[in-house]
Structure formats: structure tokens, C-alpha cells
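Good morning, colleagues. Please look at the display first.

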Amino acid sequence: MDPSSVLLTDQTAIVTGGGDGIGKGIAITFAKFGANVVIADRNGAAGNAVAAQVRALGRKGLAITTEIRNRDQVRALFERTVAELGRVDILVNNVGGARPQEFMEMDEERWHRSIELNLVGMFNCTRAAVNAMVARGRGGVIINISSIEASRAGPLYSVYSACKAAMENFTKTAALELSRHNIRVNSIAPDMIDTPHTAPLHTPQAQAAIARVVPLGKMGRPEDVAGAAIYLASDLGAWVTGINIHVDGGTYAASGWIKQADSWTLFPDSTGVVDS
Ligand SMILES: NC(=O)c1ccc[n+]([C@@H]2O[C@H](COP(=O)([O-])OP(=O)(O)OC[C@H]3O[C@@H](n4cnc5c(N)ncnc54)[C@H](O)[C@@H]3O)[C@@H](O)[C@H]2O)c1
């Protein structure tokens with residue numbers, strides 16, 4: 001294998017929510033690996049700042065202020081990308097999010113709002129990307145940013161967990177349907193990534209708890225998610241479609257096991273270490 005297969009030279013990528021957090025990490029890492037990047041964020045100032053960082057790396061960087069729940073704005077995003085950069089090779093469906101709430105307290109409007117953000121937005125962008133990729137006839141790559149909550153229960157995150165589980169299953173179905181157009185579709189499931197969103201976890205107490213429940217002992221960085229995205233977007237992942245990659249420091253594998261010094265237990269604060 002040629003080491004250049006890791007590069008994204010002259011590829012055009014659209015990253016939704018690329019103005020901050022994980023999306024920003026992916027956008028800048030893609031630029032470092034050679035891609036031209038469109039930041040599709042509803043926060044125009046944040047998008048512009050990241051686009052400037054992309055340009056400072058010598059790539060084309062364009063911020064197009066977009067609310068991904070609005071289909072007209074998404075259509076305009078893809079039309080402008082094709083008009084200014086000529087093509088769409090990679091779409092990262094990164095926008096998503098959750099507000100913790102007991103299911104018993106959740107009203108129907110809140111349920112629908114979460115589905116709009118986490119699933120309808122992904123539909124709008126995926127549909128537009130597929131149109132552009134099929135019209136060009138050169139294939140493409142779609143990466144959906146899921147969550148560890150897709151594959152485990154999420155108390156207080158019922159609708160978010162349901163949306164991310166749906167996203168992962170959609171990823172597999174879309175991979176099959178779009179394979180005839182050489183469009184690869186995969187997902188990445190992070191846990192606890194250090195972003196402005198998770199800044200409340202910076203307290204010493206939270207960090208100590210994280211050290212116990214995350215096998216690798218700390219939060220992840222946006223760059224850690226970007227590493228998986230580079231694998232999936234580049235020719236390293238040329239024969240990879242319909243999969244989900246956990247980027248979670250081992251949390252999903254731990255599945256309830258907690259670190260106590262150098263040992264593991266299923267029973268927090270007990271002296272009965274079960275295994276080591
Ligand atoms: N941060 C984590 O620890 C974590 C863990 C697991 C999964 N995730 C997933 O990763 C993705 C990114 O999370 P994050 O914490 O980096 O995001 P974030 O909440 O920090 O938001 C990133 C950007 O998205 C933009 N944005 C939000 N809603 C938008 C919309 N409707 N249209 C356009 N832009 C919008 C914001 O302006 C912001 O710049 C989400 O799908 C999230 O569910 C995050």
C-alpha cells in the first residue's frame with residue numbers, strides 16, 4: 001500500500017457543524033490531509049473562523065451558513081459548493097445533540113425537535129450529497145457522527161439514543177443501496193469528546209470519575225474522531241462500507257466495568273475486586 005492513500009488531496013468535503021467541537025476537528029484535519037473544506041454551520045462567525053484556518057493550511061476553505069434542518073438552505077449549500085469548488089466527494093453529517101430529560105417529562109414537541117436535529121438534518125444533507133455524487137458519477141463518501149448512546153441504554157437521553165441508533169442502522173442500509181454508485185457510507189460512535197459542549201466535565205471530580213469509567217483514562221479529543229474520519233474518507237477505507245467505528249477510549253467494551261487502581265470491578269466503592 002502506498003502511504004499516499006491516506007491523503008485527501010484535492011477532495012472536497014462538506015462538514016456540517018464544522019464551526020466547533022468534533023466537526024471543527026474533522027474540518028481542520030481534513031485540510032491538513034489535503035482536502036478543500038466547506039464548513040456548513042448555522043453559526044456563521046464560527047464557520048468563517050474555521051474556514052480561515054483551512055485557508056491558512058493552503059486549502060480552499062468556505063463557510064456557508066446553513067441550518068441543516070432547513071431543506072432549502074441545504075440545497076443552496078450543495079449548489080454553492082458545486083459552483084465554487086466543482087464537486088462534493090465527502091459529506092460528514094456531524095450536527096446532532098441532546099438535552100438530558102426524563103422520558104416521563106418529555107412532551108411531543110421536544111421529541112420531534114430532537115428528531116429534526118438528529119435525523120431530518122442528516123436526511124436533508126445525505127439526500128443532497130447523493131444527488132451531487134450520482135450526478136458527477138465518481139462515487140463518494142458519507143460519514144455519520146453517531147454516539148456510544150446508539151448501542152447502549154441512555155437514561156435521560158431516550159430520544160437522542162433512539163436517533164443515533166436509527167442513524168447507525170440507516171448507515172448500513174444506505175451503504176447497501178448506494179454501493180452501486182460507489183458511495184461508501186459509514187458511521188463513527190464517539191464517547192465523551194472534549195468540546196465546548198462537554199466543558200462542564202473539566203472539574204477535578206468529573207475527571208476522576210472519567211479516569212475510572214474510561215479504560216484509556218481520559219476524555220477523547222476532536223482529533224481522535226478525525227483520525228477515524230480520515231481512515232473512512234481516504235483510500236485507506238476504500239473497501240469499507242456499512243460499518244460503525246467506536247472512538248470511545250474503550251468505554252463500550254468496558255460495558256459497566258469500572259477501574260479501581262489497576263484492577264476492574266463491577267461494583268463501585270466496594271472492596272470486592274472481581275477480576276484484575
Ligand atoms: N461531544 C461529545 O462528547 C460527543 C459524544 C458523542 C457523540 N457526539 C456527537 O458528535 C456530534 C458533534 O458534537 P459536538 O459536541 O462537537 O457538537 P456541538 O454541540 O459543539 O456543535 C458543533 C457545531 O454544530 C453547529 N450546529 C448545531 N446545530 C446546528 C444546526 N441545526 N445546523 C447547523 N449547524 C448546527 C453549532 O453551531 C456548532 O458550531 C454530534 O452529532 C454529537 O451528537 C458528541
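Of the 276 residues in the protein, 43% are buried; a residue is buried if 20 or more other C-beta atoms, placed from the backbone, lie within 10 Å of its own, exposed if 12 or fewer, and partly exposed in between. This is a predicted model, in which local features need pLDDT of at least 70 and side-chain atom pairs count only at pLDDT 80 or more, while totals for chains, interfaces and linings use all residues. Residues are numbered from 1 along each chain as its sequence is written.

The secondary structure comprises 8 helices and 9 strands, that is, DSSP runs of H or I with at least four residues and of E with at least two, numbered from the N terminus. The radius of gyration, taken over C-alpha atoms, is 19 Å, close to the 19 Å of the globule rule (2.2 Å times the number of residues to the power 0.38), so the protein is as compact as a globular protein of 276 residues. The C-alpha trace spans about 65 × 50 × 40 Å along its principal axes.

Let us turn to the sheet. An open sheet is formed by 7 strands with parallel pairing, in the order β3-β2-β1-β4-β5-β6-β7; two strands pair if DSSP finds at least two bridges between them. Because β3 (61-63) and β7 (244-247) stand at the edges with a single partner strand each, one side of each has no neighbour in the sheet. Within the sheet, β4 (residues 90-93) and β5 (residues 140-145) pair over 4 bridges, and valine 92 has isoleucine 143 of β5 as its bridge partner.

Two helices deserve mention here. Helix α3 (residues 71-85) lies across β1 (12-16), β2 (36-40) and β3, at about 155° to β2. Helix α5 (residues 158-178) lies across β5, β6 (183-190) and β7, at about 165° to β6. Axes are lines fitted to C-alpha atoms, for helices over the stretch in contact (C-beta atoms placed from the backbone within 7 Å), and angles run from 0 to 180 degrees between N-to-C directions.

Finally, which residues come nearest to the ligand? Among the 31 residues around the ligand, they are Gly17, Gly19, Asp20, Gly21 and Gly96; a residue counts as near if its C-beta atom, placed from the backbone, lies within 6 Å. Helix α1 gives the most to this shell, with 3 residues.
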